[in-house]
Amino acid sequence: MSAAEGARSGAIAVEVRELVKAFHDPRRGTFRAVDGMSFACRRGEVFGLLGPNGAGKTTTLRVLATVLAPTSGQALLDGVDVVVDPLEARRRLGFLTGNTGLYPRLTGRETLSFFARLHGVPEERIPARVAELSKTFGMESYLDGRCEKLSTGQKQKISIARAVVHDPPVLILDEPTSGLDIIGSSAMIDFVAARRAAGTCVVFSTHILSEAEELCDRIAIVLKGRVLAIGTLQELCERTGTANLRQAFLHYARSVEQVAPSAGS
Amino acid sequence: MSARLRDILLILRHELRSTFRDRNTLIYAVALPIVLYPAIFLVVVQLLQLQGRLERAAPLRVALAAPERVLGWEDPESGLELAEFRAALAAQLPRGPEGEARAVEWKHASLEEARREWKGDGARAALERHGVELLLHVERDSSSAAWRAQAHHDPLALEARGAASAWAGAWNALRDERRVAAYAAAGGTAAAFEVLAWSEVDATPPVNRGNRLPALLIPMILIIMGTIGAFYPAIDATAGERERGTAETTAVLPLPRTYLATGKYLAVLTSALLAFALNLLSMWLTWPLLRASLAGGVEAWNLSLLQIALLFAIGGLFLSFVSALLLSVAVYARTFKEGQAFLGPLYSLCLLPAMVAAVPGFELDQRTACVPFLNAALALRAIFEGHAEQHLPALLQTGGVCLLLTGLCLMLVARSYLSEETLIGGDSGGFWVRWKAARSARLPGARRTR
């Protein structure tokens with residue numbers, strides 16, 4: 001099924017069930033960065049994980065991307081269990097974070113060709129695909145320069161092209177506008193909107209409320225490794241009786257703060 | 001071609017491209033072997049020649065204490081006059097490369113002074129007072145009637161280096177000349193002195209004679225430079241990747257981590273082998289330069305095809321172990337600097353046994369074949385010396401030990417490369433912590449990323 005067809009059918013592309021990820025820390029002992037998180041998102045949908053730093057957003061996305069193994073629970077990417085068949089899950093995934101840097105000594109063209117090859121794009125189609133992406137993102141003038149010599153904006157464009165070179169049905173973006181200037185952020189927002197239009201399921205994490213308001217079809221409010229609420233912007237505001245996302249988020253955050261002391265006592 | 005091999009070759013090609021665009025790797029694996037040996041040999045040769053020229057240009061300064069007539073046997077008056085003795089002795093000194101006589105600056109000292117002062121600290125003071133490198137006391141022994149020469153010098157003084165042996169040689173030559181002359185005067189023939197001739201014969205087969213000096217030096221150099229060839233790529237492929245922020249990019253490639261680790265390992269090994277081969281080639285090409293400069297001092301190498309094949313076989317197995325060892329440690333480093341801090345001491349520690357191999361007395365046998373680094377250095381030495389056949393079981397054992405250690409190190413690499421602990425510094429707490437966490441939540445047990 002193509003991404004566009006998937007969007008029309010509303011097929012579930014990402015499903016997370018009771019996900020737990022525990023780490024061991026010498027001072028804190030064993031703690032759960034993700035503590036029973038569940039959500040699902042469909043093709044053609046932009047799904048946002050909204051929460052402060054340390055809420056468990058990045059850990060969740062890393063489990064989805066098979067970088068981390070879950071302690072328990074289940075994560076499915078396009079119907080593929082990320083623990084049972086991580087390679088197939090990676091084939092169906094485009095992953096872009098602040099930590100997914102570019103190989104500095106390779107040119108942009110070499111980078112895109114390398115990823116296309118490893119993701120199984122037929123050899124004869126690779127030059128055309130690279131040219132297509134180069135045109136889409138306006139990279140023709142620097143595609144043959146080494147990545148280490150490119151500007152931040154140029155690197156960002158190659159990173160995006162790298163993540164979608166195999167046209168994945170699921171795109172995971174972890175704080176994609178972090179560290180970017182206004183022009184870079186706008187380009188990223190435009191890119192996400194374009195992927196939604198193409199039927200890709202986009203899961204992205206952010207702590208910037210305006211981004212979530214502008215881009216997300218649905219938002220999950222995440223705090224202390226748990227999902228507190230999921231819904232459209234309108235649904236979240238209605239449920240909390242607030243006027244905007246900031247107030248809705250604070251409403252849920254305060255409810256957790258109130259519960260925590262009583263739980264402790 | 002199978003899909004597995006194709007994927008590993010893709011990773012290898014990618015890693016090689018990245019590795020050989022790194023300046024450090026290019027310097028240590030390619031540039032250094034090509035430039036280092038010609039440069040070292042040229043400098044050494046120039047320094048030796050310069051030293052020789054300086055030594056020959058400066059006159060030998062000697063203070064002589066001797067009677068008025070020297071070296072008379074039956075009748076003291078039949079000896080040489082002091083001036084004749086000086087000239088005769090100086091004539092026996094070693095000559096320069098073009099046959100030129102060595103200049104001598106004579107100082108006079110009295111026999112009284114020599115007998116009284118040239119003892120203990122007095123000799124050093126006399127050397128300074130006369131401004132010479134050597135004090136020569138020549139006098140006839142009153143009890144045996146023999147002429148004795150006693151040289152006082154400071155062996156640690158740079159300017160006196162070689163002076164004592166030159167004068168000793170001159171004295172012995174003059175003594176023999178005088179003996180022959182005395183014997184001839186008594187009616188004998190000079191040929192009679194040849195009845196006690198001494199000669200030495202080299203027992204090494206002529207084909208291997210030129211390999212003796214290289215056999216001591218080159219195995220150690222090959223091991224050092226081959227290891228350096230793997231040093232930077234090993235850090236670059238692991239810690240460097242984490243520092244550049246590309247480790248997570250690599251982790252989401254749709255390939256098993258073992259393929260990725262294998263590709264990286266092969267790239268490190270390629271760099272090490274390249275450094276090894278270039279070092280060997282460079283030394284082979286520049287050795288004649290050393291030979292030509294040190295006339296007659298150094299012989300040519302002579303390696304058969306079998307020896308070359310064995311060198312690469314043992315060298316290859318050794319470097320396969322070194323590459324895996326360095327990678328298995330570098331995989332835990334978070335930054336390039338940390339990688340250097342991890343591997344630096346390990347590198348020094350490992351090379352000690354290789355240096356021991358240059359010490360005469362160590363041979364490749366079944367015990368030394370078990371010691372990593374020492375075994376490879378001794379094996380390479382045995383191959384250079386042309387003794388490979390005699391050491392065949394130990395050579396095979398060396399190869400086996402290298403293979404075994406390679407396997408163990410690669411297991412460590414496969415276990416740790418891109419694991420949660422090394423990738424993000426996170427600690428899932430090992431099996432027991434994960435099991436307890438899962439048990440407390442009534443959840444299934446621990447899992448690992450693949």
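Reader: Is Glu45(A) buried or exposed?

Author: Buried means under 20% relative accessible area, exposed over 50%, and partly exposed in between (1.4 Å probe, protein chains only). Glu45(A) has 10% relative accessibility, so it counts as buried. This is a predicted model: local features need pLDDT of at least 70, side-chain atom pairs count only at pLDDT 80 or more, and totals for chains, interfaces and linings use all residues. Side-chain values use heavy atoms, without hydrogens or water, residues are numbered from 1 along each chain as its sequence is written, and chains are lettered from A and ligands numbered from 1 in the order written.

Reader: Which residue forms a salt bridge with Glu45(A)?

Author: A salt bridge puts a side-chain nitrogen of Lys or Arg within 4 Å of a carboxyl oxygen of Asp or Glu. Here the partner is Arg218(A), with the closest N and O atoms 2.5 Å apart. Arg218(A) lies in strand β9 and Glu45(A) in the loop between β2 and β3, so the pair ties together parts 173 residues apart in sequence. Strands (E, at least two residues) and helices (H or I, at least four) are DSSP runs, numbered from the N terminus. Arg218(A) is partly exposed, at 22%.

Reader: Which residue pairs with Asp35(A)?

Author: Arg226(A), at 3.1 Å between the closest N and O atoms. Asp35(A) sits in strand β2 and Arg226(A) in strand β10, so this bridge joins parts 191 residues apart in sequence. Asp35(A) is buried, at 17%. Arg226(A) is partly exposed, at 43%.
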